[in-house]
Amino acid sequence: MQQGGVHIHTPAAGAWAVCLCGNTGAMWEDPQAGKLVIATRGDKSNVLALGLNNQLLVRAIQASGRGQAWQDYRDWHDIATDAPGYVFDKSRAACWAVIYKVGTTSDTRWANEEELAVFLKALS
Ligand SMILES: [Zn+2]
């Protein structure tokens with residue numbers, strides 16, 4: 001396993017967004033619903049998804065200019081973890097940032113054979 005080799009990338013809509021090393025790609029299957037497809041030419045066990053709840057980020061942006069008290073942060077965190085049906089919810093991870101295995105949530109899945117072929121062709 002590579003040490004310190006974390007590659008983070010933002011998925012594209014309708015096209016593969018490929019990570020720095022070119023081994024893994026992500027694509028929105030349904031951007032509105034937040035559904036992702038992930039492909040890799042490497043070992044699937046080395047690929048994890050990182051989900052960040054926009055609700056916390058939005059609160060931070062809205063507070064811009066008036067400083068940030070830790071109580072504000074805890075309030076935003078409380079809002080971001082009140083997310084029934086999502087991995088961020090208090091009944092699940094209870095955190096605005098969640099690391100999970102692809103396919104263990106309802107909104108991520110591995111590419112099927114056809115999609116993987118398109119991904120691999122795009123790399124060549
Ligand atoms: Zn990579």
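Which residues in α1 meet which residues in α2? Q55, L56, R59 and A60 in α1 meet W76, H77, I79 and A80 in α2. Two residues are in contact here if their C-beta atoms, placed from the backbone, lie within 7 Å. Helices (H or I, at least four residues) and strands (E, at least two) are DSSP runs, numbered from the N terminus.

This is a predicted model, in which local features need pLDDT of at least 70, side-chain atom pairs count only at pLDDT 80 or more, and totals for chains, interfaces and linings use all residues. Residues are numbered from 1 along each chain as its sequence is written.

## The helix pair

Helix α1 covers residues 54–62 and helix α2 covers residues 70–80. They pack at an angle of about 145 degrees, with their axes 8 Å apart. Axes are lines fitted to C-alpha atoms, for helices over the stretch in contact, and angles run from 0 to 180 degrees between N-to-C directions. The crossing of α1 and α2 is right-handed. A crossing is right-handed if the near helix is turned clockwise from the far one by less than a right angle, and left-handed if anticlockwise.

By class, the contact of α1 with α2 has five nonpolar, two polar and one charged residues. Ala, Val, Leu, Ile, Met, Phe, Trp, Tyr, Cys and Pro count as nonpolar; Asp, Glu, Lys and Arg count as charged; the others, Gly among them, count as polar.

V58 also lies in helix α1. The C-alpha atoms of V58 and W76 are separated by 9.1 Å, and the two residues are 18 apart along the chain.

## Overall layout

The protein has three helices and seven strands. Along the sequence the pattern reads β-β-β-β-β-α-α-β-β-α. The C-alpha trace spans about 50 × 30 × 30 Å along its principal axes. Of the contacts with a separation of 6 or more, 40% join residues 24 or more positions apart.

The domain assignment gives domain 1 (6–47 + 102–124) and domain 2 (49–101). Such bounds come from an automatic or database domain assignment. The C-alpha centres of the two domains lie 24 Å apart. Their contact takes seven residues from domain 1 and five residues from domain 2. On the domain 1 side, three of these residues are nonpolar, four are polar and none is charged.

## Cores

Buried residues make up 19% of the 124 residues. A residue is buried if 20 or more other C-beta atoms lie within 10 Å of its own, exposed if 12 or fewer, and partly exposed in between; C-beta atoms are placed from the backbone. A nonpolar core is a set of buried Ala, Val, Leu, Ile, Met, Phe, Trp, Tyr and Cys residues joined through C-beta atoms within 7 Å.

The largest nonpolar core has nine residues: W16, A26, M27, V37, I38, A39, V102, A111 and F119. Both β3 (24–30) and β4 (35–40) supply at least two residues of this core. β4 gives the most, with three residues. Another core lies apart from it, with seven residues, among them L56, Y86, F88 and W96. In soluble globular proteins, nonpolar side chains tend to be buried together.

## Single residues

| Residue | C-beta neighbours within 10 Å | Class |
|---|---|---|
| A94 | 16 neighbours | partly exposed |
| L123 | 12 neighbours | exposed |
| V58 | 13 neighbours | partly exposed |

A94 lies in the loop between α2 and β6 (97–101). Its phi is near 55 degrees, a positive value in a residue other than glycine. Most residues other than glycine have a negative phi.

L123 is found in helix α3 (residues 113–123). L123 touches V18, G22 and R41, leaving out residues up to four places away in sequence. The C-alpha atoms of L123 and R41 are separated by 9.7 Å, although the residues are 82 apart along the chain.

H9 lies in the segment before β1 (12–13). H9 touches A17, C19 and A26, again without residues up to four places away in sequence. H9 and D75 are 66 residues apart in sequence and 28 Å apart in space, C-alpha to C-alpha.
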